[in-house]
Amino acid sequence: MTPRLFCAALALVGLTVTAACATGSASTTEDPADATPDDAAPTPTGTVPRDASAPETGAEASTQGLRRPGAGEVVFTEMMINPDGVSDEFGEWVELYNTTDTPLGLAQCRLSDESSPKDDREIDRDVVVPAKSAIVLGRSASAAANGGLSGVTFEYGNGFVLANTGDSAILTCNGVVVDRVDFTSTWPFGKGVTMQVKQSARNATANDTPGNWCLATLSFGTGAQKGTPGNTQNHCP
């Protein structure tokens, strides 16, 4: 019997309530089966349990229960470097493609370049790149501000900037360079037109070659901009 029920029983039969009852305690040991859910350890929210026996294959697990990518497992496949009808401050974005058959997490990975001063933006929340799929990271996640681009997975603001005269885009996870693209102003992009990797070149080696990139031809958003954000199937072949 729990202390509370024991004390209540004493009162009903007219017996003197002990000091222990008066102070809300009793020497009787509480039955563990009576413990309330509040006694249990809190369950984290927003996380997915990970099989501790599963190998992490070179990358620490993210807070989503997914491992972070290793070299070449997530690659840059499209970039809006010089948006039209909206300033670079809101309209720039990059597309990342997962080359593997497993969802990967980008929490605590970093976007950077080699400019001076160097851009270095941490992906400071859970971001998942589904298997064999692409996501969009942009300077603004507001479709009203970025020219009608919806579905931005992560907003990196002014922490990562693409220079129209040429720049680098580097994704680093756990100190490992996952992918890096160095481009110049002669690469195939234009005002309001993205450059996108050919479908046959969606890997960390082929996307280093300017000849494997092409100008987008399909329109998106509210203006005259061209690109296929989040959809590599519509890239040039």
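Okay, one term before we start: when I say buried, I mean under 20% relative accessible area, with exposed being over 50% and partly exposed in between, using a 1.4 Å probe on protein chains only. By that cut-off Thr172 is buried, since its relative accessible area is 17%.

Quick housekeeping. What you're looking at is a predicted model, so local features need pLDDT of at least 70 and side-chain atom pairs count only at pLDDT 80 or more, while totals for chains, interfaces and linings use all residues. Residues are numbered from 1 along each chain as its sequence is written, and side-chain values use heavy atoms, leaving out hydrogens and water.

Let's go to the sheet. Four strands make an open, antiparallel sheet, and the order runs β5-β4-β9-β10. Strands here are DSSP runs of E with at least two residues, numbered from the N terminus, and two strands pair if DSSP finds at least two bridges between them. At the edges you have β5, residues 120-122, and β10, residues 176-184; each has a single partner strand, so one side of each has no neighbour in the sheet. From one strand to the next, the twist averages 15 degrees, with axes being lines fitted to C-alpha atoms and angles running from 0 to 180 degrees between N-to-C directions.

Now look at β4, residues 110-112, against β9, residues 166-173: that's an antiparallel pairing over three bridges. Ser112, for instance, has Ile170 in β9 as its bridge partner.

Back to Thr172, which sits in β9. What does it touch, leaving aside neighbours within four places in sequence? Cys109, Arg110, Val177 and Val178, where contact means heavy atoms within 4.5 Å.

How many does the structure hold? Two, counting pairs of cysteine sulfur atoms within 2.5 Å.

One joins Cys109 to Cys173, S to S 2.1 Å. Cys109 is in the loop between β3 (104-105) and β4, and Cys173 is in strand β9, so this link ties together parts 64 residues apart in sequence. It's right-handed, with 115 degrees about the S-S bond. Both ends are tucked away: Cys109 is buried at 0% relative accessible area, and Cys173 is buried at 1%.

There's also Cys214 to Cys236, S to S 1.7 Å. The torsion about that S-S bond is about -95 degrees, so this disulfide is left-handed. Cys214 lies in strand β12, residues 213-215, and Cys236 in the segment after β12, so the parts tied together are 22 residues apart in sequence. Cys214 and Cys236 are buried too.
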